[in-house]
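I opened this model to look up the ligand site first. After that I went through a handful of single residues.

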Amino acid sequence: MSLIFVLNGPNLNLLGKRQPEIYGRETLADVERDCASLARELGHEIRFHQSNREYEIIDWIHEARESAAGIVINPAAFTHTSVAILDALNAFEPPVIEVHISNVHKRESFRHHSFVTLRADGVIAGLGTEGYRLAIRRIATLIAASAAG
Ligand code: CA2
């Protein structure tokens with residue numbers, strides 16, 4: 001059994017409560033529940049966090065260095081601004097999958113650039129909250145591949 005960190009950036013605590021036309025109707029608690037149950041099915045465990053503060057996300061990435069076999073991250077608006085989150089992820093060796101609920105490429109041009117993409121092993125955008133579950137599946141595949149050598 002491996003531990004997968006699922007990290008969420010600013011304002012994602014509002015998921016399901018505002019702008020359902022962009023982000024859907026599922027709340028972050030729904031996403032956490034679904035990710036936990038899928039991870040369990042795949043023989044893994046998740047640690048799920050959300051913060052509106054950049055340093056907390058960085059601290060969780062540092063914590064993941066000690067204990068996690070992969071990170072699923074939706075850095076939200078920090079995606080487009082944070083060299084600090086990129087630097088923290090660059091110090092984390094196992095797989096990283098970047099998730100965006102909306103299709104950032106169909107939106108304003110400032111959302112087209114991601115610092116995190118420079119480190120991510122894969123990027124999922126525009127598949128709604130299902131993207132989180134797909135990212136967990138991918139991390140599980142990569143964990144199995146690395147265990148098989
Ligand atoms: O599509 C995504 O998942 C984003 O990472 C979401 C961020 C946005 O800044 C990125 O460009 C794309 C925004 C998260 C805010 O989430 C809300 C959810 C419901 C209501 C209001 C904000």
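Predicted model: local features only at pLDDT ≥ 70, side-chain atom pairs only at ≥ 80, totals over all residues.

Entry 1, the ligand. I began with Asn 74, where a polar side-chain atom lies 2.9 Å from an oxygen atom of the ligand. I use polar contact for a pair of N or O atoms within 3.5 Å; within protein, one must be able to donate a hydrogen and the other to accept it, and residues adjacent in sequence count only if both atoms are side-chain atoms. For His 80, I found an N or O atom of the side chain 2.7 Å from an oxygen atom of the ligand. The ligand taken alone exposes 500 Å², and the protein buries 94% of that. I note that accessible areas come from the Shrake-Rupley method with a 1.4 Å probe, and that for residues only the protein chains shown count as cover.

Residues are numbered from 1 along each chain as its sequence is written, and side-chain values use heavy atoms, with hydrogens and water left out.

I counted 17 residues around the ligand, of which Asn 74, His 80, Ile 101, Ser 102 and Arg 111 come nearest. Near here means that a heavy atom of the residue lies within 4 Å of the molecule. By type, I noted nine nonpolar, six polar and two charged residues in the shell.

I placed Arg 111 in the loop between strand S4 (96-100) and strand S5 (122-125). Helices (H or I, at least four residues) and strands (E, at least two) are DSSP runs, numbered from the N terminus. Is Arg 111 buried or exposed? Arg 111 counts as buried because its relative accessibility is 18%; buried means under 20% relative accessible area, exposed over 50%, and partly exposed in between (1.4 Å probe, protein chains only). The side chain of Arg 111 also makes a polar contact of 2.7 Å with that of Glu 108.

I found Thr 81 in the loop between strand S3 (70-74) and helix H4 (83-90). Thr 81 is exposed, because its relative accessibility is 52%. Ala 76 is found in the loop between S3 and H4, and at 16% relative accessible area Ala 76 is buried.

Most residues other than glycine have a negative phi. Ala 76 has a positive phi of about 55 degrees although it is not a glycine. I noted a positive phi near 75 degrees for Asn 11, which is found in the loop between strand S1 (3-8) and helix H1 (20-23).

Ile 85 is in helix H4 and counts as buried at 0% relative accessibility. The C-alpha atoms of Ile 85 and Ser 2 are separated by 23 Å, and the two are 83 residues apart along the chain. Ala 69 is in the loop between helix H3 (54-67) and S3, and at 19% relative accessibility Ala 69 counts as buried.

I looked up Ala 148 last, in the segment after helix H5 (130-147). Ala 148 is exposed, with a relative accessible area of 70%.

Notes:
Nonpolar A, V, L, I, M, F, W, Y, C, P; charged D, E, K, R; others polar.
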